[in-house]
Amino acid sequence: MRIVLGVGGGIAAYKVASLLRLFTEAGHNVTVIPTEASTRFVGTATWEALSGNPVSNSVFDGVHQVNHVRLGHEADLIVVAPATADLLAKAAAGQAGDLLTNTLLMASGPVLYAPAMHTEMWQHAATQANVATLRSRGVTVLDPAVGRLTGADSGPGRLPEPDAIFAAALALLQPTDLPQPIEPPQPTDLPLAGRTVTISAGGTREPLDPVRFLGNRSSGKQGVALAIAAKEAGATVRLLAAHMDVPPPAGVEVVPVETALELRAAALAAAADSGVIIMAAAVADFRPAEVSGTKIKKRDDTADPTISLVRNPDILQELVQLRDASPEGSARHDQLIVGFAAETGDGQGDILAYAEAKLRRKGCDLLVLNQVGTDKVFGQETNAVVILARDGSEPQETAGTKKDVAAALISRIGCELTNEAPRR
Ligand code: C5P
């Protein structure tokens, strides 16, 4: 497919290089049109090298090809990221002062804006009116992500993660003018039909300063495999996506998160209507006590910095407590909660015993234990787990690809949900 990628003048322009890679690796032909201002953040040479296509932001380049008309007309999809307040205003007003805004006026296919700006600019009545105007014209404007912004401030205004923009773009690329295959009726006898399953995946990143973070090796592969398996089992799936090396699957709701605190907020909100919650994400147990608003400098005249950490809330435990406190008869009372335990073992106790203690401490219904080491589990295609149950039933061992492990866990969850015997 032919995609035009418009790049607005914001610091988040650098993240769009990853988005461009996702498009090209999926086989799309991408023409990048940066605004003049954006080239102060990322130069045209970067876009040319990554896209393999010539890059210009002038209506006077390639005049013989009538670029200002052709590019928008031929594009199967136009994605604008970061969509600045200025670009949204120009697009809403129909201005055509440069190649990108000309192209947007000539668009004959879907258009997707991924905004990024400071919270005050996003929440300003002018920006909100422009977004409403664009949406009323059938254009997709994503909500910005919530989290750390360029300076010391945080709130709604972060560019959604490239994976999330990519997933939204793919959804718009579904050919609608081709004869659609007739949807087979959704079988209601699938094990998770009618259930909403929330799955957290990937690893959280805890910022130290605007450029550094504490993270972990989680790739998100197991969580994504679970999302696919749950969808195939008939569930409505919501993926709380921390940092992942793989794109989220199509057909699931993706909620991008960065930090443990953001994941907590997303999980508590999602829990309200979820029949099943699977906490597969690797959540940082600690975060830096202080986040510097500016890059921490290496200086010869002061001592090297030390990092103090504070404990993050245990989201899994909190979800279980909220579930257990919900009144009998409420939808949430019967929620099935699944945790993961990545253990390395330290020679002092067997990891199964650690995991059993963790299951009791956290109070979840199932705990999926995997043994981790530098060459095991994280980022790999395979996994070997033991599923422990709160009801004390025999531990269930499963090994194979992450897809196999996901299928086994989803099937086990299906059995737990239909089991006549009370789970607790
Ligand atoms: O205590 P531990 O980190 O080993 O527990 C792992 C399980 O708890 C995983 O399911 C993980 O998603 C969840 N967790 C959490 N909140 C934390 C730490 C872990 O929900 N702060």
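Modeller: Let's begin with domains: their bounds come from an automatic or database domain assignment. Here that gives domain 1 (2-172) and domain 2 (196-286 + 306-418). Taken over C-alpha atoms, the centres of domain 1 and domain 2 are 34 Å apart. One caution on the source: this is a predicted model, where local features need pLDDT of at least 70 and side-chain atom pairs count only at pLDDT 80 or more, while totals for chains, interfaces and linings use all residues. Residues are numbered from 1 along each chain as its sequence is written, and side-chain values use heavy atoms, with hydrogens and water left out.

Colleague: How much area do domain 1 and domain 2 bury between them?

Modeller: Buried area is the accessible area (1.4 Å probe) that two parts lose on being put together, summed over both. For domain 1 and domain 2 it comes to about 790 Å², with 61% of it on carbon and sulfur atoms. On the domain 1 side, Arg148, Glu161 and Asp163 lose the most area to domain 2, together 44% of what that side buries.

Colleague: And how many salt bridges are counted between domain 1 and domain 2?

Modeller: A salt bridge is a side-chain nitrogen of Lys or Arg within 4 Å of a carboxyl oxygen of Asp or Glu. The count between the two domains is one. Arg158 and Glu258 form a salt bridge through their side chains, at 2.8 Å from N to O.

Colleague: Which elements supply the side of domain 1 that touches domain 2?

Modeller: Helices (H or I, at least four residues) and strands (E, at least two) are DSSP runs, numbered from the N terminus. Strand S6 (145-148) and helix H8 (162-173) each supply at least two residues of that side. H8 gives the most, with four residues.

Colleague: Now the ligand. Which residues surround it?

Modeller: A residue is near a molecule if one of its heavy atoms lies within 4 Å of it. Around the ligand you'll find, among them, Met279, Asp285, Asp314, Phe340, Lys358 and Lys362. For the polar side, look for polar contacts, pairs of N or O atoms within 3.5 Å; within protein, one must be able to donate a hydrogen and the other to accept it, and residues adjacent in sequence count only if both atoms are side-chain atoms. Phe340 has a backbone N or O atom 2.8 Å from a ligand oxygen. A polar side-chain atom of Lys358 lies 2.2 Å from an oxygen atom of the ligand, and for a side-chain N or O atom of Lys362 the distance is 2.9 Å.

Colleague: Last one: where is there a cis peptide bond?

Modeller: In general, most peptide bonds are trans. The bond from Ala81 to Pro82 is cis, with omega near -10°. Pro82 lies in strand S3 (residues 77-83).
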